[in-house]
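Keep the 3D view at hand as you read.

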Amino acid sequence: MKQDNLTKSYDPAAVESRWYQEWMDKGLFRAEDESDKPAFSIVIPPPNVTGMLHMGHALNNTLQDVIIRFKRMQGYNALWMPGTDHAGIATQNVVEQELAREETSRHEIGREKFIERVWSWREKYGGIILNQLQKLGCSCDWSRERFTMDDGLSRAVREVFVRLYRDGLIYQGDYIVNWCPRCHTAISDLEVEYEQEESCLWHIRYPLVDGSGEIVVATTRPETMLGDTAVAVHPDDERYRSMVGKKVLLPLVNREIPVIADSYVTSEFGTGAVKITPSADPNDFAMAQRQGLEIISIMDGSAIINENGGPYQGQDCITCRNNVVKDLKAGGYFVKEEPYSHNVGRCYRCKTNVEPMVSKQWFVKVQKLAKTATAAVIKGETKIVPPLWEATYFEWLENIRDWCISRQIWWGHRIPVWYCDDCGEIIAAVEEPTACTKCGGTSLRQDEDVLDTWFSSALWPFSTLGWPDNTKALKTFYPTSLLVTGFDIIFFWVARMMMMGLYVMKEVPFRDVYLHALVRDERGEKMSKSKGNSIDPLTMIDRYGADAFRFTLAAFTAQGRDVKMSETRIEGYRNFINKIWNAFRFCMMNLEDYREDQGTPRNDDYSFPDRWIRHRLNQSVNEVIRALDEYRFNDAAAELYQFFWHEFCDWYLELAKTVLYSEDDPGRKRAAQETLLLVLRTVIKLLHPFIPFVTEEIWQTISEDGGSIMTADYPRPSGNMEDNDAAKKVETIRSVITAVRNIRGVMRVPFGTKLKVTALCPDAEKKKILEEGSRYVLDLANLNGFDVIEGEETISGAAVAVADSVKVHVFLGDAVDIPAERARLEKEVKKIDNDLERVSRKLGNQDFREKASEDVVRKEEAKYADLRERGTVLRDALHNLEAMGS
């Protein structure tokens, strides 16, 4: 065979860019809108245009690429749709920071020029992350790249908005929303991150207007009392029953407000009486709606106290809080304060404290949409993997609130609603109207707000395929086959795509949803730059190659478990890539004189190791396909690693050397060579979806037709390769060789020292196997004598191990100083016993188990198991020394 590409070591940097460009040049990532092949499609979770490749992106896109390459090789017309998200708030923040450095602002340059500035920024920087995905090896159909603000997707957004509006599923109203004072916009419930904060619970005296007494309320935010419009108690609370219907005087403001009864109030919290500030708390807002209370807003969009705050106008929240508490004390209204821990909501983008605020917003009525999205999963139209996330999905949809879709920013899809200044008509339209549909007037102005970024993202599976046009791509690839995404956006994105896909297309947007966990450090802690435990994917690719990085991610992706990552683990799989390369070189050096056109060897020429490795290869093919079909990425990777390194390299290549290095039997040598090539070709194709670059480099030497491995057929299992008889024989041979090696290791006998071994077999079958495979035992265990006899009695004067029911007697002779070896082993056993006792005490300590992290406990348990196993091995060795007559 040709001996190209046999460089001594594999250089990923030189290989990866060359092959990626060739794949692109040949259009190997492209799918066809019309094809006789079955369709398979994935839409990429569009990264933000502001994004840089992080570990979450790397994991998510590696898994998608594994599946799309796998399906492409299986003969599917496989589409992986790429694109980016305009990321409204995030992108606007980035450009505003640029303007700030230029000592200007978006308000100074105006909306139109600001939008132009954002588009310029996007053209310059928006494609960085897609280029980084290419470095990872992602085989997206880049000819179809979409952007959530491009013309086609913008048209789809307007079309869906108008349909929802005309169906009565979009409405505008005054409602309390989460307001970010930094971003100056409403954000959804899902965009609020909660953190525990140590604060205080202030108790304040509210005097009854009639002078008959007072009510003491407890609050975590005394500054909001400026907007109080009631005090509420539970209707069954005997302490306050006589006060319901009376009025109290609001301290500092001197406004009379009613005492009301509402079952929402918890009698056990604080004093059992709560101040009601409808403009500053969603629960208070709901109570105001039920009770008909006045709503008084006390903050502006920057969370500064407004004119309704009287003397506190112009103060920020914290300053106002301090001044209010000081004035309450001075006025005799202050009762006490006590430490109190509670959750504080922060903007997921800028981490600023979120303020509840009443404002006019646009909403989607989602209850009806949520029911269809729930039913689709229950009926199996969409399958969630792993299924443990189904309960979370159902619970959220069951308790869903209307979706606030308007944002008070400039970058994004502007809401397609116009107001007629002549007659007040509200017009929702896909195209900008030229005149009012009611009065014919031309004084029209468009709504200033833009849509929530997630609104356009919810349309991604069908809008990217050309909807609202009935395109060939839409017919071929919708519903998509698979969505791969993180569990953390199951509400932000997955549920909303389900709702919109079913509403617009009347079909689910994807058949399967694979939800992967988060990437954490090796101790299970969240990665962050401040902790110093984050890993830069690009650095890892530069240092170890994309293949090693990808395989590590896949190998540690188990369903329902976080991915624990470290550079050491990536380095370990770089060794696997090198092992593949070195095995390839070994095979090719032993195939120099092999020609495929000389025909197939006779059946009798195949040794039982040849038949065994074919049998195991067939099993691996079956297991890898099944694992990938079920999205068990770690199981597929583990099977490939185990088969290639520990069976093909560690055993078959060593067993085959007996034939390959001999010219005594040309037929057997040729059969071994054919087996080498078959296994190499098959396993390289199996590995390709995980490690595309090194497999392509090797494939160019071993392929039948010289084409890309991307166009090769993925292996299929074959009944003709099953051979349980050969598997049984190799298992026995391996067990005997391993037993001899283990005795060498424990007794510290160098491999270069030849030994004699007698195998005592329990039956004629085992005896026949060992006789047939004696040359393998002699070579791989480095023996100068190997006797095989049938019998039960142990032979004295030898170290003994049992291997697959065979008693293996190793005669050590002068190779071991028995007294010295006994003393060493006894010392090691004593040390292990001491270590075992220490670890056992720690694991038996309930305080340790409760306080230590789960990861630390697992490590101690693994240490205990390892110590027990080593202790057993050493005691067996001591027993062997005694059996040798010492």
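Helix H2 gives the largest share of the lining of the largest pocket, six residues. Helices (H or I, at least four residues) and strands (E, at least two) are DSSP runs, numbered from the N terminus. Please bear in mind that this is a predicted model, in which local features need pLDDT of at least 70 and side-chain atom pairs count only at pLDDT 80 or more, while totals for chains, interfaces and linings use all residues. Residues are numbered from 1 along each chain as its sequence is written, and side-chain values use heavy atoms, with hydrogens and water left out.

The largest pocket has a volume of about 2,300 Å³. Of its 50 lining residues, His 54, Gly 56, His 57, Arg 349 and Asp 488 are the closest to its centre. The elements that give two or more residues to this lining include helix H2 (55–73), strand E7 (192–207) and helix H15 (490–504). On a 1 Å grid over the protein atoms alone, a pocket is an open set of points with protein on both sides within 12 Å along at least five of seven lines, a cavity is a set where a 1.4 Å probe fits but cannot get out, and lining residues have an atom within 4 Å of a point. Grid points are joined across faces, edges and corners, and a volume is the space filled by probe spheres set on the points.

The structure also holds two cavities of 30 Å³ or more. For the largest cavity the volume is about 80 Å³, and among its 15 lining residues Gly 88, Ile 89, Tyr 348, Asp 452 and Thr 453 lie nearest its centre. Helix H3 provides the largest share of that lining, three residues.

Helix H3 (residues 88–101) also holds Glu 98. Is Glu 98 buried or exposed? Glu 98 counts as buried because its relative accessibility is 18%, and buried means under 20% relative accessible area (1.4 Å probe, protein chains only). Beyond its neighbours within four places in sequence, Glu 98 is in contact (heavy atoms within 4.5 Å) with Arg 117, Trp 121 and Tyr 125.

Finally, look at the open sheet of four strands, which has the order E6-E5-E14-E16 and antiparallel pairing. Strands E6 (185–187) and E16 (403–404) stand at the edges with a single partner strand each, so one side of each is left without a neighbour in the sheet. Two strands pair if DSSP finds at least two bridges between them; E5 (residues 170–180) and E6 pair over three bridges.

Terms used:
Buried < 20%, exposed > 50% of the residue type's maximum accessible area, 1.4 Å probe, protein only.
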